[in-house]
Amino acid sequence: MIYTFTNDERLGIKLPLLEQSWNNYTKETQELILAEWETIRGKIPDRIKELENEINDRQSQLYQEEDFERSCELNSEISELASIINDLWIWYRANNHITQKGHY
């Protein structure tokens with residue numbers, strides 16, 4: 001196959017990996033890719049909600065934490081989770097055209 005979807009462990013979703021530029025795919029292949037992407041894309045809001053719950057848990061811990069080092073760790077974890085959410089929103093808003101080789 002000349003395209004695949006690979007699991008992105010950080011984001012917790014599969015992302016498209018194309019072996020050629022979007023315009024080199026047949027219309028039928030483009031439709032297959034977009035159909036699969038729309039299925040994955042539809043799961044992004046649920047993934048974001050999971051991460052928001054994790055942030056809320058960490059914030060609850062942070063409010064009660066008295067150890068400075070642990071507070072720093074929690075802040076770092078919260079920042080990373082927020083970064084993942086930001087990246088997921090970028091992918092969620094990606095339009096239905098693949099513009100770069102190897103990327104959606």
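Select Arg41 and Glu38 to begin: their side chains form a salt bridge, with the closest N and O atoms 3.4 Å apart. Both belong to helix H1 (residues 27-41), where a spacing of 3 residues separates them by about one helical turn. Glu38 is partly exposed, at 33% relative accessibility. Please note that the model on display is predicted.

Next, move to helix H3, which covers residues 68-93. Select Glu73 and Arg70, which form a salt bridge whose closest N and O atoms lie 3.1 Å apart. Here too the two partners are 3 residues apart in the helix, that is, separated by about one helical turn. Glu73 is partly exposed, with a relative accessible area of 40%; Arg70 is also partly exposed, at 24%.

Which contact joins the side chains of Arg70 and Glu77? They meet in a salt bridge, at 3.5 Å from N to O. Glu77 has a relative accessible area of 27% and is therefore partly exposed. Now extend the selection to Glu54 and Arg58: salt bridges with shared partners connect Glu54, Arg58, Arg70, Glu73 and Glu77 into one network.

Finally, display the whole structure, in which a search finds 9 salt bridges. Coloured by secondary structure, the chain shows 3 helices and 2 strands, in the order β-β-α-α-α from the N terminus. Of its 104 residues, 31% are buried. The chain exposes about 6,900 Å², of which carbon and sulfur atoms supply 46%. Among contacts between residues at least 6 apart in sequence, 53% join residues at least 24 apart.

Note on methods:
Residues are numbered from 1 along each chain as its sequence is written. This is a predicted model: local features need pLDDT of at least 70, side-chain atom pairs count only at pLDDT 80 or more; totals for chains, interfaces and linings use all residues. Side-chain values use heavy atoms; hydrogens and water are left out. Helices (H or I, at least four residues) and strands (E, at least two) are DSSP runs, numbered from the N terminus. Buried means under 20% relative accessible area, exposed over 50%, partly exposed in between (1.4 Å probe, protein chains only). Contact means heavy atoms within 4.5 Å. Accessible areas come from the Shrake-Rupley method with a 1.4 Å probe; for residues, only the protein chains shown count as cover. A salt bridge is a side-chain nitrogen of Lys or Arg within 4 Å of a carboxyl oxygen of Asp or Glu.
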